[in-house]
Amino acid sequence: MEIATALGCSVGFAFGGLVFVAYKLGLLYQLFHKTETQSPRHGGESVAEVLRAHGVKFVFTLVGGHISPILVACEKLGIRIVDTRHEATAVFAADAVARLSGTVGVAAVTAGPGLTNTVTAVKNAQMAESPLLLLGGAAATLLQGRGALQDIDQMSLFKPLCKFCASVRSVKDITITVRKALAIAQSGTPGPVFIEFPIDTLYPFHLVSKEFGVKNPPKGIMGKVVTWYLHNHLKNLFAGAWETRDVSPLPVHIPQATDNEVQKCIELVSRAKKPVILLGSQATLPPTPADDIRAALESLGIPCFLGGMSRGMLGRNSPLHIRQNRRDALKEADLVLLAGTVCDFRLSYGRVLNRRSRIIAVNRDKTQLLKNSDMFWKPTVAIQGDAGSFLLRLSKGLKGHTCPEDWPQSLKAGDVTKEKANRGKADEKTDRHLNPLSVLHRVDELMADDSIIVADGGDFVGSAAYIMRPRGPLRWLDPGAFGTLGVGGGFALGAKLCRPESEVWIIYGDGSLGYSVAEFDTFTRHKTPVIALVGNDACWSQIAREQVPILGSNVACGLAFTDYHIVADGYGGKGTLIGREDEDKLDGIIKEAQKETRQGRATLLNVLIGKTNFREGSISV
């Protein structure tokens, strides 16, 4: 009896072991799911089908053989492929599309150096909380880690930067992986996600099978084992690949404030005499339309400081929009509402907040919600939830209640006084060339009401942030908390594709222009005419302002008064050099640039500027 029992156990273990091995080798799956060896289809088609079902209109790329099937399939399904001159630009463009369209921006780049070239742009999207999908090529599944062309450990590189990373191991997994990635990119705190596609998961069976053939297999049993293993791996790659699968969007989770949290805030705001709202980029995220947020802010009647993507939320000349003297206003306020605003360097880590003020903080990300609250400030109410939805509920709960009028009026009066003084600085003559403040004022007055402003630079762009006024919501694009230079070409490209009827202005420093001036070729080829305004002072001035007086040297800060306008001409655009002798003709030159873009030609205004004493702080809140 004992022998029979032992034999039975042994047989059971052996059978179980065989089943496990069969499962691991994919043999069980192959029994029930066919490998269609004659099918001409390829994995790029599965990617394209999911993207189309999610409303993706653009895929930005710099082409490479690893990802060609994705690009070809997307184009066949009506998704526009926009190829750039640098992979970082492709990601920046996808970032802009995500911010302006409320959908996920998509970029596709080739393996190895193609992906490493995107790292800065992906990190920027992470810190700016932009939902972005990066599709990357990779070496074939069996060759990873064996020294194949452009083969590196891409997953380790992107895991710290992305909310979700996946490596597709078979064609059948493509659909669910892309759907999952798109949902995660938009859920909670939005951010970038990454999927790598080994090249053998994207090309058709008949091509992949040729690469799996062993020309001179080892003789004997080892040769047969190797041949069988390769054949089995190939079948696992394509088993069940073309079965019908759901491509529709998965649910997106967005955290919301509780009713009790909203009610507590209603009570706090109703008792405040000098409340202030600091609105950050996060307040512009879906699902709440920007126009609804604007109506809620106007209903509340509370003075607002707008930063990042929320610039323009209240239009150009709202009595509630306060642009100057923020530090003084925060010292005087008895209640501060941080709606998607973070207490990082842009708010002196929270030190600018009055310790006697009641502080309401709303943010989707818990870490950002409480950043530096252990040191310099303490929230009265901290809500992990969507800022835009919260503002609508707060406004509804306070219907009929408005902020005391004398408070926003006094802040606005301070605004007028300081801006009048700043305007006076624009009238001063510089030692040579044009006054940059005067140039920015002229552009601000002449740009179209539907204009989108892209900020890419340091000193010149910092001045622009205090002078130029976006006309409406979602009409200002800057890099965000990472302070990345080089976003201009990609952001402008994405913006012009999303809003083809709008004027798109890139405000460049001459230093930052060097990162993406080659994208004038992209603007020309893809018929996306934008206007680039370059403040050319032949210097990295933002650095020199501090380096020279502190360290006594201008080393590495000097540039040249380069003919950037000729570069634009060479790429098919229209370049114009503007110097002091053109000061009286400046309005006409700006209008001519606007006319050129309406006729389909990207333009670059290379403005030679002098030095001023105007100096303000960070451009992004």
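**Exercise 1. Which residues of helix H4 are buried, and against which elements do they pack?**

Solution. The model is predicted. Helix H4 spans residues 68-76, and its buried residues are Pro 69, Ile 70, Leu 71, Ala 73 and Cys 74. A helix has 3.6 residues a turn, so residues three or four places apart point the same way. The next step is to find the surroundings of the helix. The buried residues of H4 pack against helix H3 (43-53) and against several strands, namely E1 (58-62), E2 (80-83), E3 (105-109), E4 (132-138) and E6 (192-198). Just after H4, Gly 78 adopts a positive phi of about 90°. H4 spans residues 68-76, and a UniProt annotation from an unreviewed entry, "domain: Thiamine pyrophosphate enzyme N-terminal TPP-binding", covers residues 42-157. Over residues 42-157 the chain is 46% helix and 18% strand, with the end C-alpha atoms 27 Å apart.

**Exercise 2. What is the order of the strands in the open sheet of 6 strands, and why does one side of E2 and of E5 lack a neighbour?**

Solution. The order is E2-E1-E3-E4-E6-E5, with parallel pairing. E2 and strand E5 (164-167) are at the edges and have a single partner strand each, so one side of each is left without a neighbour in the sheet. Neighbouring strands here are turned by 20° against each other on average, direction ignored. Val 109 stands opposite Gly 136 in E4.

**Exercise 3. What is the order of the strands in the open sheet of 5 strands, and which helix packs on the sheet?**

Solution. The strands follow the order E8-E7-E9-E10-E11, and the pairing is parallel. The edge strands are E8 (304-306) and E11 (381-384), each of which pairs on one side only. On average, neighbouring strands of this sheet are turned by 10° against each other, direction ignored. Within the sheet, strand E7 (residues 275-279) is joined to strand E9 (residues 335-339) by 5 bridges, and the two run parallel. Leu 278 has Leu 338 as its bridge partner in E9. Helix H16 (residues 387-397) packs on the sheet and touches E7, E9, E10 (358-363) and E11. The direction of H16 makes about 135° with that of E9.

**Exercise 4. Which residues touch the most other members of the largest nonpolar core, and what does Leu 297 touch?**

Solution. The largest nonpolar core has 52 residues, of which Leu 279, Leu 297, Leu 337, Leu 338, Ile 360, Phe 390 and Leu 394 touch the most other members. Leaving aside residues up to four places away in sequence, Leu 297 touches Ile 277, Leu 279, Ile 302, Cys 304, Met 313, Leu 314, Leu 320 and Leu 391. A second, separate core has 51 residues, including Val 82, Phe 92, Ala 93 and Ala 125.

**Exercise 5. Where is Arg 346 placed, and is Arg 346 buried or exposed?**

Solution. Arg 346 is in the loop between E9 and E10. Its relative accessibility is 14%, and buried means under 20%; Arg 346 therefore counts as buried. The side chains of Arg 346 and Asp 344 are joined by a polar contact of 2.7 Å. UniProt places the feature "domain: Thiamine pyrophosphate enzyme central" (unreviewed entry) at residues 262-393. Over residues 262-393 the chain is 30% helix and 17% strand, and the end C-alpha atoms are 7 Å apart.

Methods:
Residues are numbered from 1 along each chain as its sequence is written. This is a predicted model: local features need pLDDT of at least 70, side-chain atom pairs count only at pLDDT 80 or more; totals for chains, interfaces and linings use all residues. Side-chain values use heavy atoms; hydrogens and water are left out. UniProt positions are given in the numbering used here, feature names are shortened, and annotations may be inferred rather than shown by experiment. Helices (H or I, at least four residues) and strands (E, at least two) are DSSP runs, numbered from the N terminus. Buried means under 20% relative accessible area, exposed over 50%, partly exposed in between (1.4 Å probe, protein chains only). Contact means heavy atoms within 4.5 Å. Two strands pair if DSSP finds at least two bridges between them. Axes are lines fitted to C-alpha atoms, for helices over the stretch in contact, and angles run from 0 to 180 degrees between N-to-C directions. A nonpolar core is a set of buried Ala, Val, Leu, Ile, Met, Phe, Trp, Tyr and Cys residues joined through side-chain atoms within 4.5 Å. A polar contact is a pair of N or O atoms within 3.5 Å; within protein, one must be able to donate a hydrogen and the other to accept it, and residues adjacent in sequence count only if both atoms are side-chain atoms.
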